[in-house]
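Let's take a friendly walk through this structure, one region at a time. Have the sequence and the 3D view open as you read.

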Amino acid sequence: MYNDKVIEIFKNPKNIGELKDANAIGTIGNASCGDIMQVYLKIENNIIVDAKFKTFGCAAAIAASSVATEMIIGKTIEEALSLKNADVVAELGGLPAQKIHCSVLAEEAIQAAIKDYKEKNNG
Amino acid sequence: MKVYLDNSATTPLNPYVLEAMLPFYTEKFGNAASIHSFGREANRAVSDAREIIAECINSRPSEIYFTSGGTESDNWALKGAVSVSKNKNKHIITTLIEHPAILNTCAELEKQNVKVTYLKPSKEGIINIKNLSESITEDTILSTIMFANNEIGTIQPIKEAAAICRDFGVLFHTDAVQAMDSQKIDVKDLGVDMLSMSAHKFHGPKGIGVLFLKTGSRLGKLINGGEQERGLRAGTTPTPLIVGMAKALEISNRDREINNERILRLRNRFIDMVLSEIPYAYLNGCRDSRLPNNANFSFAFIEGESILMRLDLAGIAVSSGSACASGSLEASHVILSLGVKEELAHSTIRFSLGVDTTEQQMDYVFNVLKKTVDDLRKMSPLYDYEKGIGSYV
């Protein structure tokens with residue numbers, strides 16, 4: 001059901017763990033539904049200089065977390081906000097239909113982290 | 001290393017079984033319903049197979065009906081009992097932990113105004129017989145309780161349940177699909193009216209099963225057509241599959257004790273290793289009244305499918321929840337019915353050992369599993385890896 005790229009990324013995911021000096025954290029999902037994604041960002045001068053994740057979920061959720069964090073490192077906040085779940089799916093070379101929601105989680109977790117950052121810095 | 005620990009999903013065909021089947025695809029290809037010598041040859045083989053299977057389960061040959069497998073046998077038992085019942089209101093009693101072949105058939109019957117009671121198991125995964133007798137009403141036509149659960153392997157008190165149903169004049173059916181390989185089945189001693197089995201769970205071919213139907217019990221037809229199976233189950237007799245099923249059950253019966261003893265020792269050793277050396281690992285279902293080849297754990301803070309995939313990448317085949325459920329995102333209905341929290345139910349893996357499983361394989365599986373659980377917990381937002389503390393349980 002998974003393509004080789006998803007399996008390869010699941011095998012060796014990038015950006016795992018907490019980011020000690022993160023200034024933005026976003027959490028999406030809940031354990032009773034079977035997946036939670038937590039994204040840690042370090043933002044300097046409007047640029048995402050580092051990103052890490054912790055995910056409770058299936059192989060697709062872990063692979064989506066890995067590619068999504070990779071895709072936004074070095075990007076501006078605006079660029080990261082424009083990342084859509086379809087971009088994550090494309091980067092993974094496709095996901096099975098019932099796993100598309102994992103890519104949505106990745107998009108939402110990044111948006112939640114940026115919202116957290118904006119609230120801390122404007123509020 | 002390749003390790004197959006999904007024997008509850010299916011088992012490899014025994015080479016002796018294949019050998020017995022092959023002539024019935026080629027030189028002995030006749031239709032068992034034909035009168036000529038080709039047909040008679042096939043018919044004889046089917047009769048012999050029916051006798052072998054009857055002897056294995058202590059029934060009469062005329063009580064053995066061949067079907068396409070466990071699912072059809074379950075469908076037939078339930079739908080057939082409902083269709084011949086003259087009750088104005090029809091009531092069935094089953095359990096929350098049945099296979100989808102029973103649960104989805106019950107759901108279908110509910111749409112036809114059949115009332116269904118679902119008995120809840122104990123935390124240990126065993127049905128309380130008292131709940132069965134309390135649920136029987138004057139409308140109850142049938143009770144169906146699985147012999148052994150497909151996910152957690154717990155063995156139900158079938159003999160006691162059948163006795164209660166007999167007292168109340170209620171038909172009793174058991175889905176024995178998971179039990180056939182390791183449990184000695186004696187339908188007379190059990191006192192069941194109907195019993196479903198499937199050959200591929202005991203090293204026989206896929207696509208063939210049996211419904212045992214006790215003499216005197218009546219059942220409506222599920223499939224209309226020719227006069228095969230005493231006019232109750234139409235369709236050209238699949239001679240090679242039937243021959244294979246009989247051979248497989250014969251071998252399973254012969255080797256049962258030796259296999260059980262060896263597999264049980266490997267399984268118990270594995271459970272002990274997991275529970276003592278992997279923190280926050282929980283065994284689902286009681287340990288004693290359980291199929292010897294089943295171990296089912298929840299590993300808190302990590303998700304079942306990702307454990308399954310990691311093990312698969314190391315050549316180890318297991319199942320998360322039940323195989324039928326792995327395309328869906330819902331936690332196993334069996335694990336939830338035990339009262340396990342939803343987040344923990346998502347963390348469930350079934351290991352089902354088989355005749356080919358070795359100690360060396362189980363050591364390898366344990367080592368890969370321990371590392372897998374550790375790696376996945378490092379990336380779990382529910383677990384503080386440095387402190388070894390999780391956010392629940």
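## A helix and its surroundings

Helices here are DSSP runs of H or I with at least four residues, strands are runs of E with at least two, and both are numbered from the N terminus. Packing rests on contact, meaning that two C-beta atoms, placed from the backbone, lie within 7 Å.

After α6(B) comes G169(B), with a positive phi near 70 degrees.

## How to read this model

This is a predicted model, in which local features need pLDDT of at least 70 and side-chain atom pairs count only at pLDDT 80 or more, while totals for chains, interfaces and linings use all residues. Residues are numbered from 1 along each chain as its sequence is written, and chains are lettered from A and ligands numbered from 1 in the order in which they are written.

## Two domains in chain B

Chain B is divided into domain 1 (3-8 + 256-386) and domain 2 (15-252), with bounds from an automatic or database domain assignment. Over C-alpha atoms, the centres of these two domains of chain B are 29 Å apart. Where they meet, 23 residues of domain 1 of chain B are in contact with 21 residues of domain 2 of chain B.

On the domain 1 side, the elements giving two or more residues are α8 (239-277), β10 (294-299) and α10 (333-337) of chain B. The largest share, 3 residues, comes from α10(B).

## A hairpin in chain A

Now turn to chain A. Strands β2(A), residues 35-44, and β3(A), residues 47-56, pair in the antiparallel sense over 9 bridges; pairing requires at least two DSSP bridges. E44(A) has I47(A) as its bridge partner in β3(A).

The hairpin has 2 residues between its strands, and N45(A) takes a positive phi near 50 degrees there. How many residues of β3(A) are buried? The number is 7 of 10, and the strand is mostly covered.

Key: Buried ≥ 20, exposed ≤ 12 C-beta atoms within 10 Å, placed from the backbone.
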